[in-house]
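The following note sets out points to consider while examining the model. Please keep the sequence and the structure in view while reading.

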Amino acid sequence: MLAIWLQSSTSGLGSLSGLALPILFFVVLYFLMIVPNQRKQKKWQAMLDQIKSGDRVTTNGGIRGTVLTVKDDSLILRVQPDGVKLEFVKSAIAAVTTDEPAA
């Protein structure tokens, strides 16, 4: 059985079909994992570019605050309850949040 497989893999057609499976695997991997991640990254970057003063944001660490000023690569948040001002880099922002009414 092994001899038949080795003999078929040394022919031109056998090596081509042996190469097709890994190529197909990487194409499927690209469309299932890499493309959605690139779309998510672009959406997140667009969200960061649209942040303005007065927006409520949540950081990656879970801190919620209101944006006071926006600089090139950082922003200053006012955090409740004491109104403490904290400076964060833009990449630390996880989401722009809205106040949800209590149900």
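1. A residue is called buried when its relative accessible area is under 20%, exposed when it is over 50%, and partly exposed in between (1.4 Å probe, protein chains only). By this rule, 18% of the 103 residues in the protein are buried. Accessible areas come from the Shrake-Rupley method with a 1.4 Å probe, and for residues only the protein chains shown count as cover. The protein exposes about 8100 Å², of which carbon and sulfur atoms supply 63%.

2. On the source: this is a predicted model, in which local features need pLDDT of at least 70 and side-chain atom pairs count only at pLDDT 80 or more, while totals for chains, interfaces and linings use all residues. Residues are numbered from 1 along each chain as its sequence is written, and side-chain values use heavy atoms, with hydrogens and water left out.

3. Which elements does the protein have, and in what pattern? There are two helices and five strands, and along the sequence they follow the pattern α-α-β-β-β-β-β. Helices (H or I, at least four residues) and strands (E, at least two) are DSSP runs, numbered from the N terminus. Of the contacts with a separation of 6 or more, 35% join residues 24 or more positions apart; a contact means heavy atoms within 4.5 Å.

4. Two strands pair if DSSP finds at least two bridges between them. Strand β1 (residues 56–59) pairs with strand β2 (residues 64–70) in the antiparallel sense over three bridges, and R56 has T66 in β2 as its bridge partner. The two strands form a hairpin with four residues between them, and G62 in the turn has a positive phi of about 95 degrees.

5. Strand β2 also pairs with strand β3 (residues 74–79), in the antiparallel sense and over four bridges. Here the bridge partner of T69 is I76 in β3. Three residues lie between β2 and β3 in their hairpin.

6. Is β3 mostly covered or mostly open? Five of its six residues are buried, so β3 is mostly covered. Strand β3 pairs with strand β4 (residues 84–89) in the antiparallel sense over six bridges, with R78 opposite K85 in β4. This hairpin has four residues between its strands, and G83 in the turn has a positive phi of about 75 degrees.

7. L19 lies in helix α2 (residues 12–49) and is partly exposed, at 48% relative accessibility. L19 is one of the residues that make a nonpolar surface patch of about 1100 Å²; others among them are L21, I23, L24, V27 and V28. Like charges are joined within 9 Å, and nonpolar side chains (Val, Leu, Ile, Met, Phe, Trp, Tyr) within 5 Å.

8. How many aromatic pairs does a search of the whole structure find? There are two. F25 and F26 form an edge-to-face pair, 5.6 Å centre to centre with 70 degrees between the planes. Rings of Phe, Tyr and Trp (its six-membered ring) pair if their centres lie within 6.5 Å; planes under 30 degrees apart count as stacked, over 60 as edge-to-face and the rest as tilted. F25 is exposed at 52%, and F26 is exposed at 53%. The rings of Y30 and F31 have their centres 5.3 Å apart and their planes at 85 degrees, so this pair is edge-to-face. Y30 is partly exposed at 36%, whereas F31 is exposed at 54%.

Terms used: Patches are made of residues with over 30% relative accessible area and no salt bridge: like charges are joined within 9 Å, nonpolar side chains (Val, Leu, Ile, Met, Phe, Trp, Tyr) within 5 Å. A salt bridge is a side-chain nitrogen of Lys or Arg within 4 Å of a carboxyl oxygen of Asp or Glu.
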